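Welcome, and please open your viewer.

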Amino acid sequence: MCGPRGTQGRAMASGTVRLIGDIGGTNARLAIAIGGKYQQEETYLTERYSGLDGAIEAFVKTLPDELKPQEAAVAIAGPIHGDEIRLTNSHWHFSRRDLAKQFGFGRMIVVNDFTANALALPYLGPDDAKQVGGGSASDSAPIGILGPGTGLGVSGLIRSADRQHVALTGEGGHVTMSAADPEDAAILAELAKRIDHLSAERVLSGEGLVNIYDALCALARREPQKLAPADITDPESQDELRIAAVNRFCAMLGTVAGNLALTLGAEGGVYIAGGIVPRLGERFTRSDFRRRFEAKGRMQPYLARIPTFVITHPKPAFVGLARLPDA
């Protein structure tokens with residue numbers, strides 16, 4: 001998708017200086033947005049700060065006076081309810097009212113991180129996403145988006161009656177993960193010995209990569225190494241179980257992406273965001289992702305028509321937040 005195809009509500013004034021933030025379980029990425037464009041990007045590790053206020057304070061100190069923010073819009077990896085916000089995969093929590101008062105923000109907008117990613121889709125250019133497999137998007141149909149990172153984000157984008165884009169907000173990463181073949185079943189059975197609810201996020205995230213690898217080691221009766229997700233996805237690794245873990249991760253992501261496409265009727269396409277998949281490059285393209293995406297029995301012809309894309313833009317949430325209308 002490229003070029004703006006609609007907004008929702010009243011957009012911010014073009015000269016307003018807005019602090020934007022993509023706040024995940026590992027990193028807090030902050031920037032300044034003016035007139036739909038962003039600049040002054042900085043990244044802060046969440047483990048180094050007691051809360052979001054500390055990261056914002058550090059960021060604001062780096063800004064010249066003319067870029068001091070008048071309002072803020074942040075995307076949070078977690079559910080948004082009421083004034084008190086808690087991240088799902090981090091110790092951070094904050095009151096949006098108190099944060100606005102502390103920094104003098106006239107408005108403090110908080111959305112789910114994948115709401116921001118979804119709202120970016122109409123503004124991505126042709127070089128900001130790579131198609132994987134076949135299919136052709138229907139311009140007016142719903143769009144699905146999901147992305148493995150520290151957690152698993154899921155959202156969608158639909159058209160309102162007046163043809164404005166509306167992002168869906170939910171916690172689809174926590175749906176129960178199901179097996180699509182005997183190897184999936186063996187991995188999930190192994191993980192069920194220590195995880196009470198096997199959500200999609202438990203296998204489709206950084207932690208999920210480690211979980212898959214550990215389960216494969218247990219099934220092979222091999223002691224697992226203490227590995228980080230980046231160790232498992234290392235393209236130089238010759239360890240057959242690390243390679244198998246990445247392949248299984250891609251296949252399981254295909255299953256969940258296909259489920260999302262069926263649930264939303266996402267004939268506008270399904271987009272993969274997050275920090276893991278773009279780094280896999282051609283390994284993802286060659287993986288079982290697309291086959292598993294379509295592997296839904298009699299619904300295979302329907303899914304074969306739906307295109308899937310990997311978002312290559314480095315900060316799609318910033319694109320969505322910079323253009324986010326009033327909320």
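Before the first selection, a definition: buried means under 20% relative accessible area, exposed means over 50%, and partly exposed lies in between, with a 1.4 Å probe and protein chains only. The model is predicted, so local features need pLDDT of at least 70 and side-chain atom pairs count only at pLDDT 80 or more, while totals for chains, interfaces and linings use all residues. Residues are numbered from 1 along each chain as its sequence is written, and side-chain values use heavy atoms, leaving out hydrogens and water.

Rings come next. Those of Phe, Tyr and Trp (its six-membered ring) pair if their centres lie within 6.5 Å; planes under 30 degrees apart are stacked, over 60 edge-to-face, and the rest tilted. That rule gives six aromatic pairs. Select tyrosine 44 and tyrosine 49: their pair is edge-to-face, at 5.8 Å centre to centre with 80° between the planes. Tyrosine 44 is buried, at 10% relative accessible area, whereas tyrosine 49 is partly exposed, at 25%.

Now pick tyrosine 271 and phenylalanine 309, a stacked pair 4.7 Å centre to centre with 20° between the planes. This pair links distant parts of the chain, 38 residues apart: tyrosine 271 sits in strand β12 (residues 270-272) and phenylalanine 309 in strand β13 (residues 308-311). Strands (E, at least two residues) and helices (H or I, at least four) are DSSP runs numbered from the N terminus. Both tyrosine 271 and phenylalanine 309 are buried.

Then select Phe284, Phe289 and Phe293, which ring pairs link into a cluster.

Finish at helix α3 (residues 113-120), where eight of its eight residues are buried.
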